[in-house]
Amino acid sequence: MYATGVYHPAVARTQKTVPDPAAILCEGCGYILTGLPDTGRCPECSRPIIESNGPQVRHPPAWETTTASAFHRFIYTTLSVLFRPTQFFQTITTRTQAGSEASFARIHLIIASILLGTGLYGHLNWLWSRLMTN
């Protein structure tokens, strides 16, 4: 009579396809523009294709370039993330194989750990001195 277990009809499963890392995606809607002329418009949102293609649109963050010393690249990237996050995230390249973002994150983790440890030590030292004087 009744099937045991699931009481609702099966849900259709659609498999999402991930675009090729070399594919040109529309900056407005994400449509794959590979093979279309730069003078055209996106078939989905009508944004000019030239706005989604070229090095002026997206580039690696300063940390992943070799134009300056590692210290200057670190500081510039950190300041860009802190004070211009919208511009930073709208212009960085994605889907890269660089791998240097892990070292950038580790450096920030070490700095945060040192600052937190120093602050904790200072507060505990102050608290201990207050308790010993009373």
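Two residues count as being in contact when they have heavy atoms within 4.5 Å of each other. With that in hand, meet Arg 73: leaving aside its neighbours within four places in sequence, Arg 73 is in contact with Ala 62, Trp 63, Thr 65, Thr 66 and Ala 68. Keep in mind that this is a predicted model.

**Helix H1**
- H1 covers residues 70-83, so to speak a run of 14 residues, and it spans 20 Å from its first C-alpha to its last, close to the 20 Å expected at 1.5 Å a residue.
- Tucked away in H1 are Arg 73, Phe 74, Thr 77, Thr 78 and Ser 80, which are buried.
- Looking down the axis of H1, those buried residues fall within an arc of 160 degrees, so they line one face of the helix.
- Helix H2 (85-91) and helix H3 (101-133) are among what covers the buried residues of H1.

**Arg 73, buried without a partner**
- Arg 73 lies in helix H1.
- Arg 73 is buried but has no salt bridge, and the nearest side chain of opposite charge, Glu 64, is 9.1 Å away.
- What the Arg 73 side chain does reach is the backbone oxygen of Thr 65, at 2.6 Å.

**The salt bridge**
- Side chains of opposite charge can pair when their charged atoms come close.
- The count of salt bridges here comes to one.
- Arg 47 pairs with Glu 51 in a salt bridge, with the closest N and O atoms 2.8 Å apart.
- Arg 47 is partly exposed at 31% relative accessibility, and Glu 51 is partly exposed too, at 38%.

How values were computed: Residues are numbered from 1 along each chain as its sequence is written. This is a predicted model: local features need pLDDT of at least 70, side-chain atom pairs count only at pLDDT 80 or more; totals for chains, interfaces and linings use all residues. Side-chain values use heavy atoms; hydrogens and water are left out. Helices (H or I, at least four residues) and strands (E, at least two) are DSSP runs, numbered from the N terminus. The expected span of a helix is 1.5 Å times one less than its number of residues. Buried means under 20% relative accessible area, exposed over 50%, partly exposed in between (1.4 Å probe, protein chains only). The arc is that of the directions from the helix axis to the C-beta atoms. A salt bridge is a side-chain nitrogen of Lys or Arg within 4 Å of a carboxyl oxygen of Asp or Glu. Lys and Arg count as positive and Asp and Glu as negative; His and the chain ends are not counted. A polar contact is a pair of N or O atoms within 3.5 Å; within protein, one must be able to donate a hydrogen and the other to accept it, and residues adjacent in sequence count only if both atoms are side-chain atoms.
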